[in-house]
Structures are given as C-alpha cells and as structure tokens.
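Hi,

Here is the structure I promised to pass on.

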Amino acid sequence: MSKSKEANAASAILDYLNKQNRPYSAGDIFNNLHKEFGKTLVVRTLEDLAKNEKIVEKVYGKQKIYVADQSQLPDVDEKELLEMDRKINELKENLSTSISSCKTMERELNSLNSELTTEAAQEALQTLTKECERKQQKLKGITEATNHVTPEEKDRIYSNYNKYVKEWRKRKRLATDILDAILEGYPKKKKDLFEEIGIETDEEYNVKLPERT
C-alpha cells in the first residue's frame with residue numbers, strides 16, 4: 001500500500017476523532033467515513049495513532065474503543081461552556097416548538113384530507129337541495145289539503161275502533177265457552193263439530209285480534 005494512502009487515512013481518521021470528540025470503535029469509524037478506507041487500513045491506522053499517543057485507546061474485554069486525546073484539544077473556559085449550554089437549551093426549545101408545530105400541522109392536514117373536495121361538496125349540495133325541494137312540496141301538499149281529519153273525528157274513530165275490538169273479543173270468548181261446553185258431550189273431534197254446524201274460525205283465515213289503542 002502506498003505511503004500517501006496511509007497518510008491520508010491517518011489524517012482523515014485523526015481529524016474525524018478530533019472533530020467528533022467522542023468514542024468510536026474501528027467498525028464505527030470505517031462506516032462513518034463511508035468506507036473510504038479499507039477496514040484493515042482503518043484498524044492498523046488507529047493502532048498506530050494510539051501507539052504514537054495522538055489518540056487514546058480503551059480496551060473493554062475484546063472491544064477496542066478510540067477517542068481523541070483530550071490534552072491535544074484547546075482548553076475551553078467556563079464562559080464558553082456556559083454559552084454552549086445556553087445554545088444547547090435554546091436549540092432544544094426550538095426543536096420542541098418545531099415538533100409541536102409540526103404535529104399541529106399534521107393534525108390540520110389530516111382534518112383537511114378527511115373533508116369533502118369542492119366537487120364532492122357541490123354534488124352533495126345539489127342532491128340535498130333537490131331532496132329539500134321535494135319534501136317542501138310534500139309538506140305544502142299536506143298543509144294545503146282540505147280533507148284533514150279533525151281531532152274530534154279522530155277521537156270518535158278511535159273510540160269506535162276500541163268498542164268494536166272489545167265486542168269482538170267478548171263474542172269470541174262467549175262462542176269459545178259455548179263450543180267447549182258442547183264438546184264435553186260430543187262424541188267426535190272439535191273439527192268434526194265445526195264442520196257439522198258450519199263454524200269458521202279466525203285462525204282458519206289467519207286473522208288475529210287487533211290490539212286496542
């Protein structure tokens with residue numbers, strides 16, 4: 001391998017670690033540099049940089065971690081640290097505001113997407129308008145009709161209806177009692193008796209007694 005390739009790898013890896021200033025494994029650096037250098041070259045370069053005390057190597061079991069040598073980095077005074085903390089907090093607040101705003105806009109977008117389109121709304125309006133006109137005509141016909149039943153007439157009809165239903169039930173019960181009394185001494189079946197005397201029942205014609213109002 002050419003010396004220039006190795007020098008480029010050493011320069012790129014050292015610059016990357018110093019700028020990021022956080023621990024990485026050889027695999028992380030290989031991937032983060034977009035595989036510009038081969039994995040073997042990255043591993044060998046890291047070991048050489050650590051050996052020459054340009055970076056720090058930490059071993060955790062079988063895992064080796066590399067980080068920039070903090071003594072080579074410029075000192076940061078307290079004011080700079082405070083300013084960095086202030087900017088970090090400001091950026092966090094801006095991020096939180098942006099996230100909240102984004103969620104609000106997403107909800108508004110979802111709401112708008114669920115609404116009818118202009119064309120669909122116009123079609124629905126035309127349909128409802130026609131339906132409204134039809135019902136208005138129907139209502140007009142009802143209100144202008146001259147053959148309405150008066151409340152008094154309606155009460156009279158219901159009264160007669162209940163009277164006739166009551167009488168129907170009464171007569172049916174009397175007829176049933178009389179027939180039951182005859183059947184006690186009749187030697188044949190009920191059906192034979194009915195045929196003999198010509199009785200037709202409601203059940204024969206699927207007629208049911210109506211309920212009273």
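**What I found**

UniProt, in an unreviewed entry, lists residues 149-205 as "domain: Leucine zipper with capping helix". Keep in mind that this is a predicted model. In the model, that span is 72% helix and 0% strand, and its end C-alpha atoms lie 32 Å apart.

The unreviewed entry also has a "coiled-coil region", listed for residues 88-145. Here the chain is 93% helix and 0% strand, with 80 Å between the end C-alpha atoms.

Next, the packing. In soluble globular proteins, nonpolar side chains tend to be buried together. Which residues touch the most other members of the largest nonpolar core? They are Ile13, Leu17, Ile29, Val42, Leu46 and Ile55, out of 18 residues in that core. The elements giving two or more residues to this core are α1 (3-20), α2, α3 and β2 (63-68). The largest share comes from α3, with 5 residues.

Leaving out residues up to four places away in sequence, isoleucine 55 touches Leu14, Leu17, Leu46, Leu49, Ala50, Tyr66, Val67 and Asp69. There is also a second, separate core of 5 residues, and among its members are Leu183, Tyr186, Leu193 and Phe194.

On the surface, Leu81, Met84 and Ile88 make up a nonpolar patch, with about 250 Å² of accessible area together. Met84 sits in helix α4, residues 78-114.

- Histidine 34 has a positive phi of about 60° although it is not a glycine. Histidine 34 is found in the loop between α2 (26-32) and α3 (39-51), and it is exposed, with a relative accessible area of 69%.
- Glutamate 53, another residue that is not glycine, has a positive phi near 60°. Glutamate 53 belongs to the loop between α3 and β1 (55-60), and with a relative accessible area of 61% it is exposed.

That's the tour, so over to you.

Cheers

Methods. Residues are numbered from 1 along each chain as its sequence is written. This is a predicted model: local features need pLDDT of at least 70, side-chain atom pairs count only at pLDDT 80 or more; totals for chains, interfaces and linings use all residues. Side-chain values use heavy atoms; hydrogens and water are left out. Helices (H or I, at least four residues) and strands (E, at least two) are DSSP runs, numbered from the N terminus. Buried means under 20% relative accessible area, exposed over 50%, partly exposed in between (1.4 Å probe, protein chains only). A nonpolar core is a set of buried Ala, Val, Leu, Ile, Met, Phe, Trp, Tyr and Cys residues joined through side-chain atoms within 4.5 Å. Contact means heavy atoms within 4.5 Å. UniProt positions are given in the numbering used here, feature names are shortened, and annotations may be inferred rather than shown by experiment. Patches are made of residues with over 30% relative accessible area and no salt bridge: like charges are joined within 9 Å, nonpolar side chains (Val, Leu, Ile, Met, Phe, Trp, Tyr) within 5 Å. Accessible areas come from the Shrake-Rupley method with a 1.4 Å probe; for residues, only the protein chains shown count as cover. A salt bridge is a side-chain nitrogen of Lys or Arg within 4 Å of a carboxyl oxygen of Asp or Glu.
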